[in-house]
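Here's a quick briefing to get you oriented. Have a look at the model first, then read on.

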Amino acid sequence: MRICVFLSAADLDERYTRPAREFAELLGKGGHTLVWGGSDVGLMKVVADGVQEAGGRLCGVSVDFLVATARTGADEMVVARDLAERKRLLLEKADAVVIMVGGTGTLDEATEILELKKHGHTDKPVVLLNTAGFYDGLKEQFRRMEDEGFLPRPLTDLVFFAQEPVGALAYLEESRGVA
């Protein structure tokens with residue numbers, strides 16, 4: 001499977017890097033390809049390193065103004081003109097999406113894929129990996145949107161909330177029929 005991971009390029013502490021490394025190792029050992037923002041810094045580097053060290057492949061999609069931080073040695077690296085093209089390419093190249101901890105860029109990417117799913121423009125499975133309760137508030141907001149009629153589809157049709165990396169990958173593999 002080609003799994004797009006939206007996540008931070010910031011340097012973060014162990015409560016975020018440990019689960020990210022664990023997910024990356026599972027992804028690589030499973031023979032999957034990481035599709036990610038292409039950066040070789042912060043949490044993006046942690047995940048890319050883990051996937052590569054565990055035998056997985058790397059497909060990066062950087063963007064013109066961040067190309068200086070793009071990872072060398074990826075199996076594939078594309079440079080987009082802008083963030084909108086980057087998001088489009090990331091989603092085109094992926095069979096599934098995992099949303100890890102991140103800032104406004106990650107949130108933008110997450111809401112884009114959920115909006116596409118909401119309107120039936122994609123059926124790719126989406127997992128929100130809620131490391132250390134990072135997305136508890138967002139999960140509560142999504143539930144309120146659902147309860148108050150803002151979502152035309154059940155929340156469970158849009159996104160699966162996983163607490164641990166093993167559950168995230170298991171959900172994706174089951175959704176895509178990968179043994």
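Buried means under 20% relative accessible area, exposed means over 50%, and partly exposed is in between (1.4 Å probe, protein chains only). Helices (H or I, at least four residues) and strands (E, at least two) are DSSP runs, numbered from the N terminus. This is a predicted model, where local features need pLDDT of at least 70, side-chain atom pairs count only at pLDDT 80 or more, and totals for chains, interfaces and linings use all residues. Residues are numbered from 1 along each chain as its sequence is written, and side-chain values use heavy atoms, leaving out hydrogens and water.

**Helix α2**

- Because 9 of its 12 residues are buried, α2 is largely enclosed by the rest of the structure.
- The buried residues, among them L43, V47 and G50, pack against α1 (14-29), β2 (33-36), β3 (57-63) and α3 (83-93), with contact meaning heavy atoms within 4.5 Å.
- Just after α2 comes G55, with a positive phi of about 95°.

**Salt bridges**

- There are 18 salt bridges in the structure, each being a side-chain nitrogen of Lys or Arg within 4 Å of a carboxyl oxygen of Asp or Glu.
- In helix α1, E25 and K29 sit 4 residues apart, about one turn of the helix, and their side chains meet at 2.8 Å, N to O; E25 is partly exposed at 39%, while K29 is exposed at 61%.
- Helix α4 (residues 104-118) holds both K118 and E115, whose closest N and O atoms are 3.3 Å apart; K118 is buried at 19% and E115 partly exposed at 38%.
- Salt bridges that share partners also link D40, K45, D49 and R71 into one network.
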